[in-house]
Amino acid sequence: MNNSTPLGTFFRTAIAVICALTILFPVIWMVSMMFKPADVMFARPTQFFFSPTLANFDYVIAQGFLSNLVTSLLLGVISTAMVVVIGTPAAYAFARFEMKKKDDLFLFILASRMAPPVCLVIPFYLIYAKIGLLDTFVGLSLAYMTFNLSFYVWVLRSFCRDLPVELEEAAILEGWSKPQVFWRVVFPLLRNGIVATSVLCFIFAWNEFLFAFMLGGSSVQTLPVAIPKLITAQGVRWGEVAVVGVVSLAPVLAVVVLLQRHIVRGLTMGAVKG
Amino acid sequence: MTAMATSFPTIDRRPRDGLAVAGLSKRFGGNEVIQNVSLAVAPGEVLALVGPSGAGKTTLCRMIAGLESPDRGSCHLAGQDVGAVAPGDRRVALMFESYALYPHLTVRENITSPLQARSRGRLAEGVKEAVDQLLTLLEIAHLGDRQPVALSGGQKQRVALARALVQNPSALLLDEPISHLDAKLRHKLRGEIRRRLSGKDHPSIWSTPDGLEGLSVGDRVAVLAEGRIEQIGTPEDIWLRPASIKVAKLFGDPPMNVLKGELHSQGEMSFFRGPEVSIELPPSLAARAKSGADRGVYLGVRPGALTLAEVGAPAGVPAQVYSNEAFGKHSIVTLRTGAGDLVKIKQKDHVALTLGAPVSFLYGAGEFFLFDGKTGSLTT
């Protein structure tokens, strides 16, 4: 690739820009809609230049979307935190310890994720109705946790198996206790894997609609469930939908950008022996 | 705590009897990788454990450390049966063949990790000096703050070695400790480490696939082949009286030439008759030859005991030049005999030879070794 002429470089860059624009166009469109006044929203021909307005934001805030945002954030963070706390030792145990029927047990954990969510939401609803967890924060975070836990354990187990067991053996021989071996040796080496996997869990909880819709309610309403409030009797409020859409995108983007280093390392770990 | 801090290195019990394993066996699936191994190492003694790769050296070390449990047999450390003692409580320092360095810690942190474990996180006085001294000895003093990723294979091996040497264990097990170092450093460290270990009061095992390394570092040498101890003895023993062909072939650079043949006696004289050769045996071997006249035998000759000769020289064995390696102070010529055997000759000077050229070679008056044709063990 060292024989690049200025013209070749130009063409390659142009192609990359065109590809990026094609992929990003819907997002750019949505961002522009956020600031569009209602009267030019669908004007023909399309107006790319208009005087921006913040009216869409005012309406969204007035409708109480801020509390939906907080609910979604808290649900995502708390359910993911529980998954990490419970799932990390579980994945490590599945990777390292001898136990009876380990493979069957593991397959069972995996199977709970394989079932279509819509099959599980009905029993969830019935059970929650009986024990009074419907429309509660605890109920919904537990539901997300059970769902993400199987995925998390499944993925993190393979990270654990990629760790050379001799590191743990060396630490054991040195005289470290088992919990110390986990904290001193295993955990630091798993960190990238934990970050990458838990980001995926967070994104799942953040985007989830079905469970939030069925098990939530007026007191626990996540962002995806709240969006239909913008479909009013007077019509769809597209500008406001765009605002909520971009806001939904922001935390995911922020997480990915902030933790990029870990995620890329985590996702490529095992691909190349280091 | 204060007592521990003042006495570095920390020893809470003095090894009295060193290390002793008896009847140790281990099976992995259908493979018996260790078969009835017994050996003892005294405090301050270095036992060189020599064996080709796959002989079971690593498994033996892992069993002593407690990482594998033996199917049969016992292991005593400092007079105490450690069969039921957890690996962490055996206080065995094991240098892994794969180094097992912690990737997220610096070289210095890696080396002090075992000391921290034993002193509950706080390092005793003098540890830094001890580590510095080791780093200097191993020529990695400039790498103290690097992480293992930034090290070459040989550097990693030296860090692992330092981590093992810094401890004051009940037994020190070095699994191929200098195999990935360059020749100059190997020479230096063989002597230096041996010196250090001899002054300690713990027993040491130094495993290596290199027979000559074993002879040079071991007070005694144990030869392991296919999971069995072939011979345990002083380096002189192993060199002068190798118990079997397997042992003989492990020691020597290049390894001993071994020919299959038969013994014949004519009056007072005994002859070894192999493919195309008839060699008169010295009187010391002749006595043995008479007792085993009818059996097949193997004759072992070290490459240094053979000499090259002109084609057609009297008593010369005809052969062709197969390869010719110059090593400076000596050269190694490999010949192919008419029977197709490869014979190696080690000689002082390098002679220019054309590959494939006909030559002949002579069996000098050097030592011969006679091995039983069936069992491969040295005839006595």
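Trainee: How many residues of chain B are in contact with chain A?

Mentor: This is a predicted model, in which local features need pLDDT of at least 70, side-chain atom pairs count only at pLDDT 80 or more, and totals for chains, interfaces and linings use all residues. Residues are numbered from 1 along each chain as its sequence is written, while chains are lettered from A and ligands numbered from 1 in the order in which they are written. Two residues are in contact if their C-beta atoms, placed from the backbone, lie within 7 Å. On the side of chain A there are 13 residues in contact, and on the side of chain B the number is 16.

Trainee: Which element gives the most to the side of chain B that touches chain A?

Mentor: Helices (H or I, at least four residues) and strands (E, at least two) are DSSP runs, numbered from the N terminus. The elements giving two or more residues to this side of chain B are helix H3 (87-90), S6 and helix H4 (107-118). With four residues, the element that gives the most is H4(B).

Trainee: Which elements do the buried residues of helix H7 of chain A pack against?

Mentor: A residue is buried if 20 or more other C-beta atoms lie within 10 Å of its own, exposed if 12 or fewer, and partly exposed in between, with C-beta atoms placed from the backbone. Eight of the ten residues of H7(A) (residues 165-174) are buried, so this helix is largely enclosed by the rest of the structure. Among the buried residues are Leu167(A), Ile172(A) and Leu173(A). Their packing partners are helix H8 (178-207) of chain A together with helix H2 (57-65), H3, S6 and H4 of chain B.

Trainee: Which residues of strand S7 of chain B are buried on each side?

Mentor: Five of the five residues of S7(B) (residues 171-175) are buried, so the strand is largely enclosed by the rest of the structure. In a regular strand the side chains alternate between the two faces of the sheet. Both faces of S7(B) are covered, with Ala171(B), Leu173(B) and Asp175(B) buried on one side, and on the other Leu172(B) and Leu174(B).

Trainee: Which residue of strand S8 of chain B stands opposite Leu172(B)?

Mentor: Two strands pair if DSSP finds at least two bridges between them. S7(B) runs parallel to S6(B) (residues 92-95), joined by four bridges, and four bridges likewise join S7(B) to S8(B) (residues 204-208), which also run parallel. In S8(B), the residue opposite Leu172(B) is Ser204(B).
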